[in-house]
Amino acid sequence: MTNALPDDFLETMGLDELPMEEQAAVMTEMSDAIMAGVFARVLPMLSEEHKAEFDKLMDSDADQDAVVAFLQERVPEFQAIVVEEVAAFSKEAGDFYGGL
């Protein structure tokens with residue numbers, strides 16, 4: 001799950017005309033924003049032991065896939081939270097870009 005956004009997200013937002021390099025940057029920034037929302041929701045669900053493990057994982061500069069795998073193992077609702085955060089972000093982005 002390197003990219004939390006649907007494949008057609010840029011097209012839906014009308015950003016598919018950007019150069020490929022800019023599209024990749026936008027997708028990375030948006031995915032990072034979504035994952036920040038996911039982390040804000042799931043970290044309080046971790047036990048103190050798991051929070052310590054998570055901190056060590058983050059300190060090791062683990063890639064996003066390793067972080068996601070760690071959280072999926074410890075937070076049963078993880079995937080549902082990701083789906084909710086993607087939907088919320090998509091709505092907010094749609095409202096923003098639709099209002100331009």
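**View 1. Phe39 is a buried residue of this predicted model.** Its relative accessible area is 19%. Buried means under 20% relative accessible area, exposed over 50% and partly exposed in between, using a 1.4 Å probe and protein chains only. Residues are numbered from 1 along each chain as its sequence is written. As the model is predicted, local features need pLDDT of at least 70, side-chain atom pairs count only at pLDDT 80 or more, totals for chains, interfaces and linings use all residues, and side-chain values use heavy atoms, without hydrogens and water.

**View 2. Phe39 and Phe54 form an edge-to-face aromatic pair.** The whole structure holds 2 aromatic pairs. Rings of Phe, Tyr and Trp (its six-membered ring) pair if their centres lie within 6.5 Å; planes under 30 degrees apart are stacked, over 60 edge-to-face, the rest tilted. Phe39 sits in helix α2 and Phe54 in helix α3, 15 residues apart. Helices are DSSP runs (H or I, at least four residues), and strands are E runs of at least two, numbered from the N terminus.

**View 3. Phe54 also pairs with Phe70.** Phe54 is buried, at 6% relative accessible area. The centres of the Phe54 and Phe70 rings lie 6.0 Å apart with planes at 40°, so this pair is tilted. Phe54 is in helix α3 and Phe70 in helix α4, so the pair ties together parts 16 residues apart in sequence. Phe70 is buried too, at 9%. Phe39, Phe54 and Phe70 form one aromatic cluster.

**View 4. Leu71 touches Phe39, Val42, Leu46, Phe54 and Phe78.** Residues up to four places away in sequence are not counted. Contact means heavy atoms within 4.5 Å.
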